[in-house]
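Please look over the sequence and the structure shown below before reading on.

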Amino acid sequence: MSNTHADTVLFVRDTMLPQKNPPSTSVGAVGWARENLFAGWGNTILTLLAFAVVYYLLAGILPWLISPTFGAESLTECREILAAKGVGSHGGACWGVISERWKQLLFGFYPAEAYWRPILTFVLLFVAISPVLFADYVTPKLLWFTALFPFLAVWLLWGGSLWTPVTVLAGFVVGAVFLSMGSKIGGAIVGVIAAILGAVLWWAVAAAPLASGLSSVVEIGLLPVESRDFGGFLLAITLGVTAIFGSLPLGIILALGRRSDLLLVKSLCVGFIEFIRGVPLITLLFVASTLLNIFLPPGTNFDIILRVMIMMTLFAAAYMAEVIRGGLAALPTGQYEAADALGLDYWKAQRLIIMPQALKISIPGIVSTFIGVFKDTTLVSIISLFDPLGLANAIRADGAWTGIYWELFIFIGVVFFIFCFSMSRYSMYLERKLQTGHH
């Protein structure tokens with residue numbers, strides 16, 4: 001009987017218990033805090049000390065930042081407002097300088113009635129780069145606008161006749177025609193030489209007379225704006241965007257040239273990269289602003305902003321070349337051998353196999369170089385261009401705002417942080433999208 005009873009007893013559960021929620025102390029904000037902030041006595045003490053330091057800093061800084069002085073029209077008026085509030089004449093920030101001069105900090109001395117032009121250019125910039133930065137979400141048909149945008153941006157910012165950028169653009173069309181003809185006759189190298197010669201001859205001989213002739217027939221233009229009227233973040237963004245987008249393709253060419261088997265090409269690229277990296281940017285800017293005119297024909301009007309753009313682009317390209325060369329060196333030899341096994345020539349192998357992988361590896365370094373170039377635009381104040389820092393010094397020289405210091409630099413720092421942080425976040429998005437790294 002007992003054996004029969006033993007045979008009917010189940011030692012394994014034949015039904016599952018209903019699933020229960022995890023303890024509230026191990027999930028959510030409480031769980032995160034227990035794991036990261038209060039995991040043991042040591043962590044708890046350090047967390048409490050950190051909270052105390054943060055509270056001490058915020059208690060001293062926030063009352064100064066939250067200051068009711070946005071309507072003040074001078075530093076004296078700011079101090080009167082603060083004294084009336086009972087916090088002392090130095091107990092708060094004087095934000096009146098920002099509310100009165102923010103347009104100057106953004107646009108420099110650009111004509112107020114033409115502010116719509118840099119604003120429109122800035123909006124169109126995002127439209128132009130969207131098919132490059134967000135190719136999964138934006139139609140590639142917009143790439144034609146990306147190619148046209150530099151010419152449109154120059155016309156919008158500097159004004160003048162519309163036919164000038166049109167004839168300059170026509171030079172690239174002429175170069176493309178010569179490239180095709182030269183390639184058919186004598187190969188790729190002959191095609192490139194023919195394209196360069198054709199474009200240069202067009203710009204030197206035909207572009208200006210043709211633009212002048214078209215303007216006399218149909219005048220389409222905007223009010224011209226001199227380069228000396230550029231300033232503030234308008235100048236910084238113009239220089240930074242130009243250097244960023246110009247340095248990447250030039251850096252790729254220099255990196256490939258440095259790894260070339262052709263002695264002359266390799267020597268030129270190595271010499272250029274090492275010279276630029278061995279000279280401070282401020283020295284190159286001085287050369288661009290003063291010495292460059294000595295080597296130009298008398299009477300040549302070489303725009304100062306254009307000179308600075310060229311120097312900053314060359315400077316960034318040298319550093320970009322080394323970043324990309326690091327990406328190329330990191331690729332295993334098997335990738336090159338695979339390209340050879342597929343029967344690809346040098347340029348197809350670089351375009352389809354080598355360069356995409358090298359650029360993916362180099363994303364953090366490329367974006368770091370971009371951020372550094374954008375911040376380096378502040379150095380142009382040394383050569384009397386009114387970037388945001390140069391304008392801050394000019395504003396402080398005004399009698400109404402003599403003594404202002406932190407408020408201007410906090411505003412400038414916040415705007416720079418927004419741009420640089422955005423570039424950094426995009427870099428992280430791109431790394432996740434391309435799954436950079438080993439899994």
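**Overall form**

The structure is a predicted model. Its secondary structure consists of 18 helices and two strands. The radius of gyration of the protein is 30 Å, whereas a compact globule of 439 residues would have a value near 22 Å. Along the principal axes, the C-alpha atoms occupy a box of roughly 115 × 80 × 45 Å.

Of the 439 residues, 35% count as buried. The protein exposes about 26400 Å², and carbon and sulfur atoms supply 70% of that area. When contacts between residues at least 6 apart in sequence are considered, 72% of them join residues at least 24 apart.

| Helix | Residues | Number of residues | First to last C-alpha | Expected at 1.5 Å a residue |
|---|---|---|---|---|
| Helix 8 | 163-186 | 24 residues | 34 Å | 34 Å |
| Helix 16 | 363-376 | 14 residues | 20 Å | 20 Å |

In helix 8, the reach is close to the expected value, and that is also the case for helix 16.

**Helix 8**

The buried residues of helix 8 are W163, P165, T167, G171, V174, G175 and G182. Their cover includes helix 7 (143-158), strand 1 (160-161) and helix 9 (188-217). Just after helix 8 comes G187, which takes a positive phi of about 100°.

**Helix 16**

Which residues of helix 16 are buried? They are I363, I366, V367, T369, F370, I371, V373 and F374. An α-helix has 3.6 residues a turn, so residues three or four places apart point the same way. The buried residues of helix 16 pack against helix 10 (232-258), helix 13 (304-330), helix 15 (346-361) and helix 18 (406-434).

G372 also belongs to helix 16. With a relative accessibility of 23%, G372 counts as partly exposed, because the cut-off for a buried residue is under 20%. G372 and C420 are separated by 48 residues in sequence, while their C-alpha atoms are 8.8 Å apart in space.

**Helix 5**

Helix 5 spans residues 96-107, and its buried residues are G96, V97, I98, R101, Q104, L105 and F107. Among the elements that cover these residues are helix 4 (75-84), helix 6 (116-133), helix 10, helix 17 (388-396) and helix 18. Just after helix 5, G108 adopts a positive phi of about 65°.

**Two serines in loops**

Is S260 buried or exposed? S260 is buried, with a relative accessible area of 19%. S260 sits in the loop between helix 10 and helix 11 (263-277). Leaving aside residues up to four places away in sequence, S260 touches V265 and K266.

S384 lies in the loop between helix 16 and helix 17. Its relative accessibility is 60%, so S384 counts as exposed, the cut-off being over 50%. Although S384 is not a glycine, it has a positive phi of about 70°.

Key. Residues numbered from 1 in each chain as written. Predicted model: local features only at pLDDT ≥ 70, side-chain atom pairs only at ≥ 80, totals over all residues. Heavy atoms only, no water. Helix = DSSP H or I, 4+ residues; strand = E, 2+ residues; numbered from the N terminus. Rg over C-alpha atoms; globule rule 2.2 N^0.38 Å. Buried < 20%, exposed > 50% of the residue type's maximum accessible area, 1.4 Å probe, protein only. Contact = heavy atoms within 4.5 Å. Areas by Shrake-Rupley, 256 points an atom, 1.4 Å probe, with all protein chains shown as cover. Expected span 1.5 Å × (residues − 1).
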